[in-house]
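This report looks at where open space is left in the model and at what surrounds that space.

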Amino acid sequence: MISPYVKQCQIGDPKIVECIIGALHHLRPYLAKGIPEIEMPSVEPFRMDELSLSLTTGPNGYKVTLRDLDIYGASNFSVADLKLSEGTKPFEAHIHIPELKINARYTSSGVLIILPASGQGNFHSTLSDILATVRGTISSKHRDGLDFLHVDTLNIDLNIKTVRMLVKKVFNNNRILTEATNLFLRENGHEVLKAMMPQLRQKLSEVFKQIANQLLTHVPTEMFLLPEKA
């Protein structure tokens, strides 16, 4: 019996790439809700543990730590194009995500502009019009008489057009410090994002590799890739 989250494609079909893109889009509502039978939690939100950023240099440099990041919007993706892996060549996909919303616990230390800016509070960010380039390698493993695909490596590059960042309930609600921080985040959003990017890319790559393998370990290759017609 075919699981409802699986959309089948056929080896040898001249439109196999379009079929696989359709199969990935078919997964979206299942990723949003979670798939209990394979112990896959919902990706809305998916959680990242921590990002640490040094935003200005010097002995009193402005440092920010974001903890318990909840990220919303990842299931609302669309695959623009896909190149399947051939031999040792990696696969490559270009994926568009309209918007990711991030909520996190915020801790900062150091001096921002001329103000001491050590405090704790809530961090909110909206990243819009995101183009992700996903590259990875896949191998096949034989288990219980069946073949299963496995994502061995996965790397994500992100191009983000619009960045909005905001802190709330911070510095014991000190209005001047809160406004100074939000002014800095508003005017330097892309620079802050640049500082976040290496960790963000690594952690997103780990999360999406884990999601892919959670799916693939439960779905034999023969279930979603039908053999070529004779």
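In what follows, Ala, Val, Leu, Ile, Met, Phe, Trp, Tyr, Cys and Pro count as nonpolar, Asp, Glu, Lys and Arg count as charged, and the others, Gly among them, count as polar. With that division, the lining of the second largest pocket in this predicted model consists of six nonpolar, three polar and two charged residues.

The residues that line this second largest pocket are Glu39, Met40, Pro41, Ser42, Val43, Phe46, Arg47, Val207, Gln210, Ile211 and Gln214. Strand 2 (46-54) and helix 4 are the elements that give two or more residues to that lining, and helix 4 gives the most, with four residues.

The largest pocket is lined by 43 residues, and those nearest its centre are Ile20, Leu24, Phe91, Ala212 and Leu216. At least two lining residues each come from helix 1 (16-26), strand 4 (78-83), strand 5 (91-109), strand 8 (119-143), strand 9 (146-168), helix 4 (189-216) and helix 5 (221-224). Helix 4 supplies the largest share of the lining of the largest pocket, namely six residues. By residue class, the lining of the largest pocket divides into 39 nonpolar, three polar and one charged.

| Pocket | Volume | Lining residues by class |
|---|---|---|
| Largest pocket | about 1300 Å³ | 39 nonpolar, three polar, one charged |
| Second largest pocket | about 230 Å³ | six nonpolar, three polar, two charged |

How values were computed:
Residues numbered from 1 in each chain as written. Predicted model: local features only at pLDDT ≥ 70, side-chain atom pairs only at ≥ 80, totals over all residues. Heavy atoms only, no water. 1 Å grid on protein atoms, 1.4 Å probe; cavity = no way out; pocket = protein on both sides within 12 Å on 5 of 7 lines; lining within 4 Å. Points joined across faces, edges and corners; volume = space filled by probe spheres on them.
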